[in-house]
Amino acid sequence: MPVVGGSGLVGQVIAVSSSTSTVRLITDADPGSQIGVTFGTSSGNVASVQGGGIGRALTVNLIPRGTAMQKGEVLTTSGLPNLAYPPSIPVAKVTRFSSTSSANQESVTAEPLADLHQLAYVDVLQWQPAS
């Protein structure tokens, strides 16, 4: 189940007990924790966000070379079928982007919108992905 804070996506519940839940943060470097996101003005602009660990930037993958982006652009969950998050939850803002002529995608990094170091309360969304 998705977990959100006041500013955006925090992570996903991965284990529960009678009195606690364990949440995998969006900064987790586990390859299985990628997040499908949309960007720009077209809903067809889809990318993948991967954590690099606490305190490290998020890596944004699958953005074709030459795609127009802006520093500060907000990435939101895509809500595509079989993914772990519903659509339109703010995830991160772009902090850096560049490309080289030999690359097939833009090099993009972002930072989470939710302040993962200052969380007092979060909301757990009772949502299951469509199959």
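The model is a predicted one, in which local features need pLDDT of at least 70, side-chain atom pairs count only at pLDDT 80 or more, and totals for chains, interfaces and linings use all residues. Residues are numbered from 1 along each chain as its sequence is written, and side-chain values use heavy atoms, with hydrogens and water left out.

Let us begin with the fold. The protein chain has 10 strands and zero helices; here strands (E, at least two residues) and helices (H or I, at least four) are DSSP runs, numbered from the N terminus. In sequence order the pattern reads β-β-β-β-β-β-β-β-β-β. The C-alpha atoms fill a box of roughly 55 × 35 × 25 Å along the principal axes. Of contacts between residues at least 6 apart in sequence, 50% join residues at least 24 apart, where contact means heavy atoms within 4.5 Å.

Next, the inside. Of the 131 residues, 34% count as buried, a word that stands for under 20% relative accessible area, with exposed being over 50% and partly exposed in between (1.4 Å probe, protein chains only). In soluble globular proteins, nonpolar side chains tend to be buried together. In this chain, the largest nonpolar core has 25 residues, and Leu9, Ile35, Val60 and Leu75 are those with the most contacts inside it. Such a core is a set of buried Ala, Val, Leu, Ile, Met, Phe, Trp, Tyr and Cys residues joined through side-chain atoms within 4.5 Å. The elements that give it two or more residues include strand S2 (9-16), strand S4 (35-38), strand S6 (58-61) and strand S8 (90-98).

Leaving aside neighbours within four places in sequence, Leu75 is in contact with residues including Val37, Val49, Val60, Met69, Val91 and Ala110.

Gln12 is found in strand S2 and counts as buried because its relative accessibility is 18%. Beyond its neighbours within four places in sequence, Gln12 is in contact with Met1, Pro2, Val3, Thr22, Val23, Arg24, Ala84 and Tyr85.

Thr95, in strand S8, has a relative accessible area of 27%, so Thr95 is partly exposed. With neighbours within four places in sequence set aside, Thr95 is in contact with Lys71, Thr109, Ala110 and Glu111. Lys71 lies 24 residues from Thr95 along the chain, yet their C-alpha atoms are separated by 5.4 Å.
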